[in-house]
Amino acid sequence: MNREILIQRVQSIAKDIRILNKAVENMDVTNIPLVLENYKDFSAEAAQRAEWVAVRLRHLVYVLPFNPKRDYLPQAADIMGIKIEQREGMYELTLPGLMPKRRSTRGIEYLIDPLMAALERFAREHGVVRFPHYTVCFVMVYDRTLPERRIRDYDNLELKAVLDAAACFLMESDSGLLCDAYHSTELGETDCTQMFIMDSRCYPQWYAERQERLHAAQN
């Protein structure tokens with residue numbers, strides 16, 4: 001990359017970071033109980049700008065010949081807390097936070113690139129068991145200490161990109177002929193998104209055990 005272009009991009013990111021700092025400062029001084037709407041706007045602006053700053057910084061990392069994309073993204077996945085676990089008849093993926101709204105391309109790029117790297121590493125190190133038919137369950141976990149009005153409709157969540165990424169490495173196909181998909185919402189310790197990819201024959205037992213666990217946690 002041309003040196004002048006590199007300098008311009010660094011300066012542009014530095015400007016965005018200053019704006020991000022200002023948004024966080026606004027969150028810090030907002031009287032949350034009295035000005036909740038303003039806090040919502042400030043927090044959304046800060047989160048979106050932080051994601052965009054992270055994506056642009058990654059692009060600057062990639063232009064360096066000694067730090068290629070394939071080496072950096074697995075590190076990003078670990079830092080973000082992306083986890084992939086394998087159990088009998090099932091894979092469980094845990095993604096940080098909640099899925100962005102549809103058409104939020106910045107948020108999707110921020111997540112999908114490290115997710116693809118984590119999936120590729122997992123498949124290379126563990127191998128993949130294929131199932132004759134799949135059931136995919138997305139569980140949106142919302143922090144129970146925050147207002148329940150945050151809970152969104154499922155059609156507002158960008159889950160297709162996550163399913164496409166997982167299907168590339170863990171599934172024969174995500175076609176409707178080979179895959180059933182379900183959505184669920186839970187309250188938990190912190191915001192996250194869980195994705196369970198399982199042999200469809202395991203679904204009834206998984207569902208019953210999960211409902212039992214949730215019922216016990218509420219009592």
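This is a predicted model: local features need pLDDT of at least 70, side-chain atom pairs count only at pLDDT 80 or more; totals for chains, interfaces and linings use all residues.
## Overall architecture

The protein contains six helices and five strands, and, read from the N terminus, these elements follow the order α-α-α-β-β-α-β-α-β-β-α. Of the contacts between residues at least 6 apart in sequence, 80% join residues at least 24 apart.

## Burial and surface

The protein has 219 residues, of which 36% are buried.

## Aromatic pairs

Across the whole structure, a search finds seven aromatic pairs. One of them joins phenylalanine 131 and tyrosine 134 in a tilted arrangement, with 5.5 Å from centre to centre and 50° between the planes. Phenylalanine 131 counts as buried because its relative accessibility is 9%, under the 20% cut-off, and tyrosine 134, with a relative accessible area of 0%, is buried as well.

A further tilted pair is formed by phenylalanine 196 and tryptophan 206, whose rings lie 5.0 Å apart centre to centre with 55° between the planes. Phenylalanine 196 belongs to strand S5 (residues 192-199) and tryptophan 206 to helix H6 (residues 203-218), so this pair ties together parts that are ten residues apart in sequence. Both phenylalanine 196 and tryptophan 206 are buried.

## A linked cluster

Phenylalanine 196 and tryptophan 206 also take part in a cluster, in which ring pairs link Tyr182, Phe196, Tyr203, Trp206 and Tyr207.

Conventions:
Residues are numbered from 1 along each chain as its sequence is written. Side-chain values use heavy atoms; hydrogens and water are left out. Helices (H or I, at least four residues) and strands (E, at least two) are DSSP runs, numbered from the N terminus. Buried means under 20% relative accessible area, exposed over 50%, partly exposed in between (1.4 Å probe, protein chains only). Contact means heavy atoms within 4.5 Å. Rings of Phe, Tyr and Trp (its six-membered ring) pair if their centres lie within 6.5 Å; planes under 30 degrees apart count as stacked, over 60 as edge-to-face and the rest as tilted.
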